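Student: I have a chain to go through with you. Could we set each label against its cut-off?
Tutor: Gladly, let us look at it together.
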Amino acid sequence: MEFDIHVECIKCGGYGEMDTQHGSVNANGPWVEIIGDQCDQCEGGGLVYAGREHYDSVADLRADYPESFAKNLNTGEWV
């Protein structure tokens, strides 16, 4: 069976966004600004395409990619 394999983005932890903080002190005191930006590695999807591979069973796929999302290209089913 052939599978398209997707894994959780390491950079954003699968959230699809990265928060950045900027802070300083002005006449009113300290301030912090938090900006949420789309992750540039996964483009906001939270998953990264790991490739297309052939496995004899879903158990063999899970042995190599235990926490992946994979689509069986023969059936169209996500496993």
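Tutor: Buried means under 20% relative accessible area, exposed over 50%, and partly exposed in between, with a 1.4 Å probe and protein chains only. This is a predicted model, where local features need pLDDT of at least 70 and side-chain atom pairs count only at pLDDT 80 or more, while totals for chains, interfaces and linings use all residues. Residues are numbered from 1 along each chain as its sequence is written, and side-chain values use heavy atoms, with hydrogens and water left out.

Student: Why is Cys 39 called buried?
Tutor: Its relative accessible area is 1%, and the limit is under 20%, so Cys 39 counts as buried. Cys 12 is buried as well, at 8% relative accessibility.

Student: What makes Ile 10 exposed?
Tutor: Ile 10 has a relative accessible area of 78%, so with the cut-off at over 50% it is exposed. Its place is in the loop between β1 (2-8) and β2 (17-26); strands are DSSP runs of E with at least two residues, helices are runs of H or I with at least four, and both are numbered from the N terminus.

Student: Why is the pair of Phe 3 and Tyr 55 called tilted?
Tutor: The search of the whole structure finds one aromatic pair. Rings of Phe, Tyr and Trp (its six-membered ring) pair if their centres lie within 6.5 Å; planes under 30 degrees apart are stacked, over 60 edge-to-face, and the rest tilted. Here the centres are 6.5 Å apart and the planes at 55 degrees, so Phe 3 and Tyr 55 form a tilted pair. Phe 3 lies in strand β1 and Tyr 55 in the loop between β4 (47-54) and α1 (58-64), so the pair ties together parts 52 residues apart in sequence.

Student: What makes the chain more spread out than a compact globule?
Tutor: The chain has one helix and five strands. Its radius of gyration is 19 Å, well over the 12 Å that the globule rule gives for 79 residues, so the chain is more spread out than a compact globule. That radius is taken over C-alpha atoms, and the rule is 2.2 Å times the number of residues to the power 0.38.
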